[in-house]
Every structure is written in C-alpha cells, then in structure tokens.
Amino acid sequence: MGKLLIVFCLLLAAVTAARFDRSIFGSRIRRHAPMRCCNDGFEMSEVHAKFAAIREGCVKDLGLEEVPHDELFKNHANLHCITECIVKMEGIADENGAMLHTDLAKAVEEHLSSVEWKVPLVAGFVKQCFDEVDEKHSGFTPTEEAKCNPEGFDFVFCLWRQFTLSCPEEFRDDSEKCTELREKLTNNESFGDLHSDVDVAE
C-alpha cells in the first residue's frame, strides 16, 4: 500500500507546490481553496489522507517543517529532496535517488487502475516520462548546490502534465485559467503566473 500512496500523492502535490505557489504540507499554510483543472474526484480518496503522515515525516526528517512557505519554494532543491526522501522511504528509488523503474511502474499502474479513464494511458505515459528523466538525469551526481536527485520530481511532473492534458471533457474545467494552463503545458511554457489561481489534483 505504501508505494501506491507515494505515487498518488506525488502526482497530487509535489509538482503543484513548485509550479504554483501552493503548499504540499497541508492546511497550515494553504491560503484558500484551490481550483482544479481535472475534477475526476481522485484527490478525495482515502489514500490522500493516509499519505499526509508519510509526507510530513520527510519534511521533518529534512528539517524543513519550520521553513516559511515563500522561502521553502524559492529553490526547487527543497522539493527534490522531499521527493527523494519519499521514494527512498518507499523503496522505489536506489541510494542515489534514481527511481527503480519496474517497481515504480507497477505501483503507478496498480494505483491508477481505480480511475477508469487513466487505465489505458498509464503504461505509455510512464514509459515516456521514464525516458525523459533518464535523458536528463542519468548521470546525476550530488553536489553542494544540488544534493538531491531531481529525477523523482521531474518524473511526477511529467506524469501530471500528461494526465492534465488528457483529462476527459466531462471532468475538465474549461475556465479561462485552466484553459490557459493547458495551452502552456501543450507548448512547454512556464505557467508560474497562474500560481495564485490554479491547483492540481490529477
């Protein structure tokens, strides 16, 4: 169950915090109710609630629980380290933070099997995202500036992007902000200017 919790909540939260000025740490610093661009109800699952303790454990282990919100997200290194902590804890990454493809792919496929529209898309998206992060990070070596492997974070961002763009019409929010977000994702453009309006729960 643990690996499945990780996959879901990384998709739900980790990429959101870095791309939008939102918190992955729960209500203590959430500013207002988020707008969601794919409303299939996935974010309301019991799995999400259970994951909070795992996520908070990594935040505490890294000594980040008292870091102010704005400071925490000035640098993606914080999110890289949180993600690396989570995937290592769940045994889906090696000691260098590189993901174990077979284990993670199986976990993603098992977990998303409960969301009918995602089932036929999972295998292709997982392979595409693994290929992307392998090309970017296969030679990763920790440095003083980049202590944690960005592979896990970039993988879940890639997977989130694919599902966001594939959201069925019946679940899709066609508001101006979400339409703009999808356009930016399609064109691989930055969308930090949408951070105050949009949150992600794919």
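Ring pairs join Trp117, Phe125 and Phe163 into a cluster; rings of Phe, Tyr and Trp (its six-membered ring) pair if their centres lie within 6.5 Å. The model is predicted: local features need pLDDT of at least 70, side-chain atom pairs count only at pLDDT 80 or more, and totals for chains, interfaces and linings use all residues. Residues are numbered from 1 along each chain as its sequence is written, and side-chain values use heavy atoms, with hydrogens and water left out.

**Exercise 1.** Classify the ring pair of Phe125 and Phe163.

*Solution.* Step 1: planes under 30 degrees apart count as stacked, over 60 as edge-to-face and the rest as tilted. Step 2: the ring centres are 5.1 Å apart and the planes stand at 80°, so the pair is edge-to-face. Step 3: Phe125 lies in helix H6 (residues 119-137) and Phe163 in helix H7, 38 residues apart.

**Exercise 2.** Determine whether Phe125 and Phe163 are buried or exposed.

*Solution.* Step 1: buried means under 20% relative accessible area, exposed over 50%, partly exposed in between (1.4 Å probe, protein chains only). Step 2: Phe125, at 11% relative accessibility, is buried. Step 3: Phe163 has 1% and is buried.

Methods:
Helices (H or I, at least four residues) and strands (E, at least two) are DSSP runs, numbered from the N terminus.
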